[in-house]
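I wanted to see who pairs with whom.

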Amino acid sequence: MKTILKPIAVLGAVFALGAASTGMAQERSGEKIYNNYCSTCHQIGAAGAPKLDATSEWQSRVDERGREGLYENSINGFKGMPPKGTCGDCSESEMKAAVDYMLGEALK
């Protein structure tokens, strides 16, 4: 009986560990990142940040740098914006999702 319980206990621990690590890696939406971090500057246009509703400002940036360039700016910083803005724990894919959210809102 004991020999059966040990493998089952180990297997249960492996599944629990996998579930815990998966939960920790869950990504936040672009809208959530924007609302919690990006809006600090992009809502008021601080330090030249394009406001969320400034369609022409966003379009000119897309035309000049493309979406990939805007992703790079959001991840590495640009002019007055520090790398990842004010979200030090954001992943690169979360930053891209935030850019996609802002572009989606601005270029409707």
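Predicted model: local features only at pLDDT ≥ 70, side-chain atom pairs only at ≥ 80, totals over all residues.

Ground rule before I start: I call a residue buried under 20% relative accessible area, exposed over 50%, and partly exposed in between. By that rule D100, at 31% relative accessibility, is partly exposed.

Entry, overall search. I ran the whole structure and got six salt bridges.

Entry, D100 and R67. I found their side chains meeting in a salt bridge, 2.6 Å from N to O. D100 sits in helix α4 and R67 in helix α3, so this pair ties together parts that are 33 residues apart in sequence. I looked up R67 too: 39% relative accessibility, so partly exposed.

Entry, R28 and D89. Here the closest N and O atoms of the salt bridge are 3.5 Å apart. What does this pair tie together? R28 is in the loop between α1 (2-24) and α2 (30-42), while D89 is in the loop between α3 (55-76) and α4 (92-106), so the bridge joins parts 61 residues apart in sequence. Checked the accessibility as well: R28 comes out partly exposed at 22%, whereas D89 is exposed at 53%. I also see that R28 and D89 belong to a network of salt bridges together with E94.

Entry, K108 and E105. I have another salt bridge here, with the closest N and O atoms 3.3 Å apart. K108 has 76% relative accessibility, so I log it as exposed. E105 has 30%, so it goes down as partly exposed.

Technical notes: Residues numbered from 1 in each chain as written. Heavy atoms only, no water. Salt bridge = Lys/Arg side-chain N within 4 Å of Asp/Glu carboxyl O. Helix = DSSP H or I, 4+ residues; strand = E, 2+ residues; numbered from the N terminus. Buried < 20%, exposed > 50% of the residue type's maximum accessible area, 1.4 Å probe, protein only.
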